[in-house]
Amino acid sequence: MRIVLVIFISLLFTACKKDSPKPPSAAGLVFPLQNSLCTTGVNITPTSSRVEFMWQTANNTNTYELRVTNLLTDITQTVNTQSTSTELTIEKGAPYSWVVITRNTEVQETASSATWQFFNAGSQITYAPFPAQIITPLSGASVVRDINGEIVLEWSGADVDDDIVGYEIFLDTVSPPQVLVASPASSVSSIKINTSANTVYYWKVITKDIEGNNSDSGIYSFRAL
């Protein structure tokens, strides 16, 4: 009888126990498309337009935080919403990145979507490439050199005109880096470079297109071990 009572109490406790709150999942981005030229904006002024951002519903999410960054000025605009779309007025003829952060009021954890880039259409006939996205080493990373004392620098380039002709890779022990270490063609997205142990390096990627336009990835640092 006592065993039956214990089992009954355990089942009752389990039935009444609330499920632990779950952290939000990441939102899937929908529009503006990755590495695209956005031409759907509504004209607000000669230099600005209102663009609608859209993403997919994320599980276990109460609110979404949209972050849109002008890649020329590094200024970020932020909008909080419970919807899966919102409009934002941004500058014409400028490259942007955007990301959506998902939140659940019952937990501290957040989730981040992928980061997409787009160019907000302006009066240009040609567009500069997007700043190269650094893949590895990321800023602040510590990287183990291979047996030859080399490490891999890897990046990703994109251009709405699809006319990238090449890159310039700068690497130095001072910031900003002044030493041009490679000038790979557009088909190349990684190189090996010789480094010294226990040394901090700074690097950046300049992306060039056939029209003479270029963009700067910004400076990243890492320590070679």
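Two strands count as paired when DSSP finds at least two bridges between them, and strands themselves are DSSP runs (E, at least two residues), numbered from the N terminus. In these terms, L29 stands opposite W55 in β4. The model described here is predicted: local features need pLDDT of at least 70, side-chain atom pairs count only at pLDDT 80 or more, and totals for chains, interfaces and linings use all residues. Residues are numbered from 1 along each chain as its sequence is written, and side-chain values use heavy atoms, with hydrogens and water left out.

**Strand pairing around β4**

- Strand β1 (residues 29-31) runs antiparallel to β4, and two bridges join them.
- Strand β3 (residues 42-45) is also antiparallel to β4, through three bridges.
- A hairpin of two residues leads from β3 to β4.
- Between β4 and β7, which run antiparallel, there are seven bridges.
- Opposite E52 stands E87 in β7.

**Nonpolar cores**

- A nonpolar core is a set of buried Ala, Val, Leu, Ile, Met, Phe, Trp, Tyr and Cys residues joined through side-chain atoms within 4.5 Å.
- Buried means under 20% relative accessible area, exposed over 50%, and partly exposed in between, with a 1.4 Å probe and protein chains only.
- The largest core of this kind has 19 residues, and those with the most contacts inside it are F53, W55, L66, V68, I90, W98 and V100.
- At least two residues of this core come from each of β4 (48-55), β5 (63-70), β7 (85-91), β8 (94-103) and β10 (116-120).
- The strand that gives the most to this core is β8, with four residues.
- Another core, of 18 residues, lies apart from the largest one and includes I151, I169, L171 and Y201.
- In soluble globular proteins, nonpolar side chains tend to be buried together.

**Two residues and their surroundings**

- Contact means heavy atoms within 4.5 Å.
- Not counting residues up to four places away in sequence, I90 touches T47, S48, S49, V51, F53, V68, Q77, Y96, F118 and N120.
- S49 lies in strand β4, and S49 counts as buried because its relative accessibility is 3%.
- Leaving aside neighbours within four places in sequence, S49 is in contact with G41, V42, N43, I44, L88, T89, I90, K92 and N120.
- From S49 to V165 there are 116 residues in sequence and 30 Å in space, C-alpha to C-alpha.

**Strands β13 and β16**

- Strand β13 (residues 150-156) and β16 run antiparallel and are joined by five bridges.
- In this pairing, E150 stands opposite N194 in β16.
- Strand β16 (residues 190-194) has a covered face, formed by I191 and I193, and an uncovered face, formed by S190, K192 and N194.

**The largest pocket**

- On a 1 Å grid over the protein atoms alone, a pocket is an open set of points where a 1.4 Å probe fits, with protein on both sides within 12 Å along at least five of seven lines, and lining residues have an atom within 4 Å of a point.
- The largest pocket holds about 280 Å³ of space, where a volume is the space filled by probe spheres set on the grid points, which are joined across faces, edges and corners.
- Its lining consists of L71, L72, D74, S97, T115, Q117, P131, A132, Q133, D216, S217 and Y220.
- By type, the residues of this lining divide into five nonpolar, five polar and two charged.
- In that division, Ala, Val, Leu, Ile, Met, Phe, Trp, Tyr, Cys and Pro count as nonpolar, Asp, Glu, Lys and Arg as charged, and the others, Gly among them, as polar.

**Backbone features in loops**

- T136 and P137 are joined by a cis peptide bond, with omega about -5 degrees, and P137 is in the loop between β11 (133-136) and β12 (141-143).
- The peptide bond from S175 to P176 is likewise cis, with omega near 0 degrees, and P176 is in the loop between β14 (164-172) and β15 (180-182).
- N35, a residue other than glycine, has a positive phi near 55 degrees.
- N35 is placed in the loop between β1 and β2 (36-38), and N35 counts as partly exposed because its relative accessibility is 30%.
- D162 is not a glycine, yet D162 has a positive phi of about 55 degrees.
- D162 lies in the loop between β13 and β14, and D162 counts as exposed because its relative accessibility is 70%.
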